[in-house]
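Hello,

Here is the structure I promised to pass on to you. Please have a look at it first, and then read on for my notes.

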Amino acid sequence: HNQWIATAPFVQTPEFKAWTAAANGQAISLTRAVEFLDDRAPDIVAPEASAILDLLRNMRANVSATAETELRPDGTSSIRFTKGSTVQARGVELPPEIEIAIPVLAGHLDANGALVRYKLVLKLRTSIDDNARLALRFSMPAAERVLEEVYAERVTAAQALLGDTFPLLRAAD
């Protein structure tokens, strides 16, 4: 009549934490984005990391603004402001997505003892502020879904190893 309780916490890998922290939808400077992607280049599957970094290092932003003033005969005036911005990268278009392959959970190994890597898509968007500073925004729409899938896979594998004799319960956070 002994009762045993064992816990197996799911610990996210440094790679997963780094990518999800960067993919928060917040604009970061081009310099910081290039440094981050350069540091994480081994994780990038498509397009090739060196091609993306070369493209980003050669990007230029242009901002133009015009103001038109109309003086009316009755002494009043109307002002119209127009702002335009462009991003140029030597005639090459920035890819809208980057595909990465990273381990999600620490210690999650395949049958050969290698880390299990999951492919995730990172959305890439540009923005330009009024001072023509280029910034990038990353988002990873499927991150939460992939994390839940990984948890479910690990729970299923643990249940298969334990059999019906030992039930698994998921603890509340």
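Ser 29 is found in strand β1. Please keep in mind throughout that this is a predicted model. With a relative accessible area of 34%, Ser 29 counts as partly exposed. Leaving aside residues up to four places away in sequence, Ser 29 touches Leu 134 and Ala 135. The C-alpha atoms of Ser 29 and Leu 136 are separated by 6.4 Å, although these two residues are 107 residues apart along the chain.

Now for the sheet around that spot. It is an open sheet of 5 strands, in the order β1-β7-β6-β5-β2, and the pairing is antiparallel. β1 (28–29) and β2 (44–46) stand at the edges with a single partner strand each, so one side of each has no neighbour in the sheet.

Further in, strand β6 (residues 117–128) pairs with strand β7 (residues 134–139) in the antiparallel sense, over 6 bridges.

Next, the aromatic residues. The structure holds 3 aromatic pairs. One of them is Trp 19 with Phe 36, an edge-to-face pair with 5.0 Å from centre to centre and 80 degrees between the planes. This pair links distant parts of the chain, since Trp 19 sits in helix α1 (residues 14–22) and Phe 36 in helix α2 (residues 30–39), 17 residues apart. Both Trp 19 and Phe 36 are buried.

Phe 36 has a second ring partner in Phe 138: the ring centres are 6.4 Å apart and the planes are at 45 degrees, so this pair is tilted. Because Phe 36 lies in helix α2 and Phe 138 in strand β7, the pair ties together parts that are 102 residues apart in sequence. Phe 138 is buried, as is Phe 36. Taken together, ring pairs link Trp 19, Phe 36 and Phe 138 into a cluster.

Helix α2 has a helical neighbour as well. α2 and helix α3 (residues 49–57) pack with their axes 10 Å apart, at an angle of about 165 degrees. An angle over 145 degrees counts as roughly antiparallel, and α2 and α3 are therefore roughly antiparallel to each other. Their crossing is left-handed. On the α2 side, Leu 30, Val 34, Leu 37 and Asp 38 take part in the contact, and they meet Ile 52, Leu 53, Leu 56 and Arg 57 in α3.

Pro 47 lies in the loop between β2 and α3, and Ala 46 falls within β2 (44–46), one of the edge strands.

That is what I have for now. I hope you enjoy looking through it.

Best wishes

Technical notes
Residues numbered from 1 in each chain as written. Predicted model: local features only at pLDDT ≥ 70, side-chain atom pairs only at ≥ 80, totals over all residues. Heavy atoms only, no water. Pairing = 2+ DSSP bridges. Helix = DSSP H or I, 4+ residues; strand = E, 2+ residues; numbered from the N terminus. Buried < 20%, exposed > 50% of the residue type's maximum accessible area, 1.4 Å probe, protein only. Contact = heavy atoms within 4.5 Å. Phe/Tyr/Trp six-rings, centres within 6.5 Å; stacked < 30°, edge-to-face > 60°. Axes fitted to C-alpha atoms, helices over the stretch in contact; angles between N-to-C directions. Parallel < 35°, antiparallel > 145°, perpendicular 65-115°, else oblique. Left-handed = near helix turned anticlockwise from the far one by under 90°.
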